Amino acid sequence: MEKKEMKFEEKITELENLVKALENGDVPLDKAIDYFTKATKLASECDKDLKNAEKALTSIVNEDGSLSEFKGEVEA
Amino acid sequence: MNKEYLTVSQLTKYIKYKLDNDVNLREVYLKGEISNFKAHTRGHFYFTIKDEGSRINAVMFASSASKVKFTPEDGMKILVTGRISVYEATGGYQIYVNEMMEDGVGNLYVAFEQLKKKLASEGLFDERFKKSIPKIPERVGVITAPTGAAIRDIISTINRRFPLTEVILLPSLVQGEGAKEDIVRQIKRAEDYNLDVLIVGRGGGSIEDLWAFNEEIVARAIFDCPIPVISAVGHEIDFTIADFVADLRAPTPTGAAEIAVPNKSDVINYINQLSLRSRKAVGNILELKKKRLDNIKSNYILNNPLDLYSAKIQKLDYLTESLVKNYKNIIDKEKIKLNNIKTRPLFSNPLVILDKTKQKYALLLSKLDALSPLKTLERGYGIIKLNEKAVTSIKDLKKDDLINIELKDGSKEAIIK
C-alpha cells in the first residue's frame with residue numbers, strides 16, 4: 001500500500017528529529033547511515049516542495065460549510 | 001528702590017513655577033471645540049480649545065499627535081488630557097495635550113476600559129492561556145470580510161512568503177449590525193476545518209468601524225477557541241479587546257500573515273542548515289567510531305595476546321606447586337602415624353606379651369588349685385555326703401542314714417548307728 005505523503009511540517013519535524021538523533025552521537029553505525037540517508041531525502045523533498053509551490057491554495061467556507069475556491073482579487 | 005521691581009522674565013518664571021507645582025494642573029481633563037487648528041510640518045499640533053465663554057491655547061507635540069486616530073479640524077468637539085504650563089516667550093499659559101479624542105465617542109472609550117478591566121480581572125488576558133503559534137502551519141484560517149484590503153493583504157503575503165500553506169477564508173461581517181454575532185459564529189465554525197492557526201481581523205477604520213472587535217462575546221469566543229488566534233484589527237495604533245485576548249496581536253492583517261507563516265527563504269535556509277548539521281553529525285559519528293576502532297587496535301592485549309595467558313600460567317604453576325607440597329605433607333603425616341603403630345611392643349615383640357600372659361595364667365591356676373576341695377582330701381580330710389549333698393553339721397545326721405564317705409582315692413558307703 002502506498003503510504004500517504006507526509007505533510008511539509010511533518011517532514012520538517014522528522015528531519016529535525018533525525019538531525020538531533022545524529023547529533024546525539026550515540027547511534028550504531030548502520031542506524032546513523034540510515035538516519036542520514038532519510039534526512040538527506042527529506043531535506044531535498046522539502047526543498048523541492050518549497051520551490052515548486054507558487055500560490056497558496058485559497059478556499060472560502062460557504063454558508064453550508066462546504067469549501068470552494070476563493071477568487072478574490074489578489075495580486076500575485 | 002531698584003530692588004522692588006521684577007523683570008518680566010522673573011515674573012513669568014515665578015508664575016510658571018506656581019502653575020507647574022499645582023497638582024491639579026498636572027493632569028487636566030478638558031472638553032471643548034477646536035479652533036485655529038494648525039498642524040506643523042514637524043508633526044506638532046497648535047490650536048485653541050474654546051467654549052461659549054472662554055478659550056485656551058493648546059499644543060500637542062508630535063510624539064502624542066501621531067497617536068491621534070482622527071484628523072482634527074476647526075469646529076470639532078474634542079476631549080483632551082494634558083497639563084497646564086506657561087510658554088515663557090509669550091507669557092501665555094496653555095495646555096500641553098497628551099491625548100485627544102473626538103467627543104461623542106467618549107462613551108465607547110469608557111465601555112472599552114470597563115470591559116478591558118473586567119476581562120483582565122477574569123484572567124482572559126493572562127499569559128498562561130496564550131497558545132503558541134505553530135512555526136509552519138499547514139492551514140491558516142482567516143475570519144474577515146471576503147472583500148476589502150484585509151483578505152487581499154493576507155493572501156498576497158502568504159503567497160509571497162510561504163505558498164505551501166493553505167488559506168481557508170471564513171467570510172464575516174466586520175462592522176455594523178450583526179458583525180459581532182457573525183464573527184463569533186465563524187470562530188466556532190473554524191474548529192471544523194483542521195486549522196493550525198486562525199487570523200481574526202479587518203482593515204483600518206474609525207473606532208466605530210472597529211467596534212465589533214471590542215465586544216465581549218467576540219472576546220470570549222476568541223478566548224474559548226482551541227485554535228491559536230492572531231488578532232489583526234486596523235492599524236498599528238488601534239488596540240481592541242480582541243487584541244488583548246488573542247494569543248498574539250498583529251499590528252495589521254499583513255502583519256498577521258507574516259506572523260502566521262514563515263518566510264520561504266528562511267525555511268530553505270533552515271533546511272540547508274539541517275542538511276549541513278546531519279552531514280556534520282554523521283562525520284562526527286564516523287570519526288568517533290574510527291577513533292574507537294583505532295583505540296581497540298592499539299590495545300596492548302590485542303597486540304600481545306599471550307599476555308592474556310601469562311597470569312593464568314603463573315597461577316597454574318602456583319597451584320601445582322602447592323598441590324605437590326600438600327600431598328607430601330599428608331603422606332609424611334600418615335607415615336609418622338604408621339611408624340608409631342609399628343613401634344608398639346605388640347608388633348616389635350609379641351612373645352613377651354604371651355609369656356606374661358602365661359605366667360599370669362599359672363599363678364591364677366595355682367591359686368585356684370589351692371582352693372580346690374580335692375587338695376584338702378589329699379591332706380587326709382574326707383567329705384560326708386547325704387543324698388549327694390555334703391554334710392557340714394552332725395545335726396543333719398540321723399540313725400540309719402545312708403551316707404557316703406569320700407576320701408582322696410575313692411568313696412565308701414556307711415550307715416549311721
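**A five-stranded barrel and a two-chain contact**

In chain B, 5 strands close into a barrel in the order 1-2-3-5-4, with mixed pairing. Strands here are DSSP runs (E, at least two residues), as helices are (H or I, at least four), numbered from the N terminus. Two strands pair if DSSP finds at least two bridges between them. The twist from one strand to the next averages 50°. Angles run from 0 to 180 degrees between N-to-C directions, and axes are lines fitted to C-alpha atoms, for helices over the stretch in contact. The model is predicted: local features need pLDDT of at least 70, side-chain atom pairs count only at pLDDT 80 or more, and totals for chains, interfaces and linings use all residues. Residues are numbered from 1 along each chain as its sequence is written, while chains are lettered from A and ligands numbered from 1 in the order in which they are written.

Strand 1 of chain B (residues 28-39) pairs with strand 4 of chain B (residues 77-87) in the antiparallel sense, over 6 bridges. Within this pairing, Lys31(B) has Leu79(B) of strand 4 as its bridge partner. Strand 1 of chain B also runs antiparallel to strand 2 of chain B, joined by 5 bridges. One bridge of strand 3 sets Asn57(B) against Thr48(B). The hairpin from strand 2 to strand 3 of chain B passes through 4 residues.

The side chains of strand 2 of chain B (residues 45-50) alternate. A residue is buried if 20 or more other C-beta atoms lie within 10 Å of its own, exposed if 12 or fewer, and partly exposed in between; C-beta atoms are placed from the backbone. In strand 1 of chain B lies Asn36(B). Its phi is positive, about 50°, although Asn36(B) is not a glycine. Asn36(B) counts as partly exposed because it has 13 C-beta neighbours inside 10 Å. Asn387(B) also has a positive phi of about 50° without being a glycine. Asn387(B) sits in the loop between strand 11 (383-386) and strand 12 (389-390) of chain B. With 9 C-beta neighbours inside 10 Å, Asn387(B) counts as exposed.

Helices also pack in chain B. Helix 1 of chain B (residues 8-20) lies across strand 4 and strand 5 (92-102), running at about 135° to strand 4. The axes of helix 5 (residues 179-189) and helix 6 (residues 216-224) of chain B come within 9 Å and cross at roughly 10°. That makes helix 5 of chain B roughly parallel to helix 6 of chain B, a label for angles under 35 degrees; over 145 is roughly antiparallel, 65 to 115 roughly perpendicular and the rest oblique. Residues of this contact include Ile183(B) and Ile187(B) of helix 5 and Ile217(B) and Ile222(B) of helix 6. Two residues are in contact if their C-beta atoms, placed from the backbone, lie within 7 Å. The residues divide into 7 nonpolar, no polar and 2 charged. Nonpolar covers Ala, Val, Leu, Ile, Met, Phe, Trp, Tyr, Cys and Pro; charged covers Asp, Glu, Lys and Arg; the others, Gly among them, are polar.

Chain A has 2 helices and 2 strands, in the order α-α-β-β from the N terminus on. Of its 76 residues, 22% count as buried. The contact between the chains takes 35 residues from chain B and 38 residues from chain A. On the side of chain B, helix 9 gives the most, with 14 residues. That side divides into 21 nonpolar, 6 polar and 8 charged residues. Strand 1 of chain A (residues 58-61) runs parallel to strand 7 of chain B, joined by 3 bridges. Ser59(A) has Ile168(B) as its bridge partner in strand 7.

The largest nonpolar core has 73 residues, and Leu22(A), Ile222(B) and Ile230(B) are among those with the most contacts inside it. A nonpolar core is a set of buried Ala, Val, Leu, Ile, Met, Phe, Trp, Tyr and Cys residues joined through C-beta atoms within 7 Å. Helix 2 of chain A (residues 29-52) supplies the largest share of this core, 7 residues. Apart from it lies another core, of 11 residues, among them Ile34(B), Phe47(B), Ile49(B) and Val97(B).
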